[in-house]
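Q: Hi! Could you walk me through this one while I have it open on my screen?
A: Happy to, just ask away.

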Amino acid sequence: MIRLTDIAEHLGLSVTTVSYSLNNDQRIPPATRQRVIDAARELGYTGKSGRTTSSGDYLKQVVLCINSLSGGIYNELISEMKSTLKVNNCELMIYLGSNISQIKWLDGLFVLNSRVSTNDIIKMTNRRIPVVVMDRETTIDNTSRVTLDNFGGCYETTLYALNAGAKSFVFIGGPKESFESRLRYNGFIKALDDNKIATSESSLLQTDFSFEGGIKACRFILEESALPDAIICANDETAMGIITELKRQNIRKNIIVTGFDGVPPKDGCRFVTAKVDRKYWASTAVYTMIKKFEHGTDQNIKVPVKEIDYNY
C-alpha cells in the first residue's frame with residue numbers, strides 16, 4: 001500500500017508537506033500542492049493517510065474544519081483534541097476554510113465552521129466519511145452532533161443582568177450565519193420574555209466575534225441618547241472590546257456586560273460569562289468520532305456551560 005512517506009520520498013518533500021498538500025492546505029504553494037496530488041495519483045495512493053504507528057496499527061487522519069485561529073477558544077480545544085486522538089491511533093489536521101469538498105484524503109471530519117454548507121457535509125457523508133459537527137443542530141444522516149448549550153448559557157447570563165436590576169438591553173451577536181450566535185440570542189430573548197421585559201427594550205447588533213468588533217459596536221451604542229443597563233455579548237472577545245471602549249470613553253453609568261466562552265479576561269476587564277469546558281468539549285467530540293469509527297453510531301450530545309464571575 002502506498003504511504004505518505006512513499007510520496008514524500010518520491011518528490012523529495014517532507015511528510016508534513018505531502019499531508020497538508022493532499023488536504024489542500026492553503027499554506028502550501030499551489031504548484032507544490034498540485035505536484036503532490038499528481039504524484040499521489042501516479043503512485044496509486046488509495047485516499048487514506050496510509051501511515052502506521054510503531055506497533056503497525058493504521059493511523060487515521062482526522063480533519064478539524066474551522067474558519068480562523070484567532071480568538072481565545074481554539075488553542076485549548078485543538079490541543080485536547082490532538083492528545084485524545086493520539087491515544088486512539090489518530091492524528092489531527094487543521095483545515096482553515098469552508099470548502100470542505102476540496103479535502104481529498106481523510107478518515108474523519110470535525111466541523112466547527114458555520115460557513116460550511118449542509119450540502120458539502122452531505123457530500124462528505126456520501127463518501128462514507130464519519131462527520132461530527134460542533135457548530136450546528138442538524139438532521140443529516142450519518143452525522144453526530146457535539147454542541148454547546150448555547151441557549152442555556154446565554155439565558156443564564158441574561159438572568160444575571162436581570163437580577164442585578166437591568167431593564168434595558170443591547171445584545172451583541174456574531175455573524176448572521178453563526179449557529180452559536182442565533183441560539184445565544186434566543187436564550188437572551190427567552191430570559192427577557194420569562195421576566196416580562198418587552199423585547200422593544202432591547203436591540204441587536206452583529207459583529208465578527210472579535211475584540212475590535214466589540215470596540216466598534218460600543219462606539220455605536222454610545223451614540224445613542226439613552227445608554228442600556230446591560231450589554232449581553234455572544235462571546236468574551238466582544239465583551240472585552242465593549243468594556244475597554246467604555247473605560248476609554250470614561251462612561252460613568254455602571255453598565256453590566258456579560259460574555260460567553262470563559263476566555264481569561266484582559267487586564268481590567270470585569271464581566272460575567274458562560275464558561276465552556278473546552279477540554280471536555282474536545283474530548284467528547286473525539287470519543288464520539290471514535291465511536292463512529294468503531295460502530296457507525298450517531299449521537300447528539302449537548303455540552304453544558306456554567307456561569308462564572310470575572311468581576312475581581
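Q: Which helix does Asp 120 lie in?
A: Asp 120 belongs to helix H5, which covers residues 118–126. Bear in mind that this is a predicted model.

Q: Is Asp 120 buried or exposed?
A: Asp 120 counts as buried, because its relative accessibility is 13% and the cut-off for buried is under 20%.

Q: What does Asp 120 touch?
A: Leaving out residues up to four places away in sequence, Asp 120 touches Ser 98, Asn 99, Ile 100 and Ser 101.

Q: Let's switch to H6. Why does its length make sense?
A: Helix H6 runs over residues 150–163, and at 1.5 Å a residue its 14 residues should span 20 Å. The end C-alpha atoms of H6 are 20 Å apart, so the two agree.

Q: How many of the 14 residues in H6 are buried?
A: Ten of them are, so H6 is mostly covered. Among the buried ones are Asn 150, Cys 154, Tyr 155, Leu 159 and Leu 162. Two glycines, Gly 152 and Gly 153, are also buried in H6.

Q: What comes just after H6?
A: Just after H6, Gly 165 takes a positive phi of about 105 degrees.

Q: Now the nonpolar core. How many residues are in the largest one?
A: The largest nonpolar core has 66 residues, and Phe 110 and Phe 169 have the most contacts inside it. Helix H10 (residues 278–295) gives the largest share of this core, six residues. There is also a second, separate core of 16 residues, including Met 93, Tyr 95, Ile 129 and Val 131.

Q: Why would nonpolar side chains gather like that?
A: In soluble globular proteins, nonpolar side chains tend to be buried together.

Q: Since you mentioned H10, what about Ser 283?
A: Ser 283 is in helix H10, and at 13% relative accessibility Ser 283 counts as buried. Not counting residues up to four places away in sequence, Ser 283 touches Glu 80 and Thr 84. The C-alpha atoms of Ser 283 and Thr 84 are 6.2 Å apart, although these residues are 199 apart in sequence.

Q: Which helix holds Ser 79?
A: Ser 79 is in helix H4 (residues 74–86). At 46% relative accessibility, Ser 79 counts as partly exposed. Ser 79 and Lys 279 are 200 residues apart in sequence and 8.5 Å apart in space, C-alpha to C-alpha.

Q: And where is Glu 223?
A: Glu 223 is in the loop between helix H8 (211–222) and strand E9 (230–233). Glu 223 is exposed, with a relative accessible area of 64%. Its C-alpha atom is separated by 45 Å from that of Val 131, 92 residues away along the chain.

Q: Last topic, the whole chain. How many helices and strands are there?
A: The protein chain has ten helices and 13 strands. Its C-alpha trace spans about 70 × 40 × 35 Å along the principal axes. Of the 312 residues, 52% are buried.

Q: What about the charges?
A: There are 38 positive and 36 negative side chains, and the centres of the two sets lie 2 Å apart.

Note on methods:
Residues numbered from 1 in each chain as written. Predicted model: local features only at pLDDT ≥ 70, side-chain atom pairs only at ≥ 80, totals over all residues. Heavy atoms only, no water. Core = buried A, V, L, I, M, F, W, Y, C linked by side-chain atoms within 4.5 Å. Buried < 20%, exposed > 50% of the residue type's maximum accessible area, 1.4 Å probe, protein only. Helix = DSSP H or I, 4+ residues; strand = E, 2+ residues; numbered from the N terminus. Expected span 1.5 Å × (residues − 1). Lys, Arg positive; Asp, Glu negative; His and termini not counted. Charge placed at Lys NZ, Arg CZ, Asp CG, Glu CD. Contact = heavy atoms within 4.5 Å.
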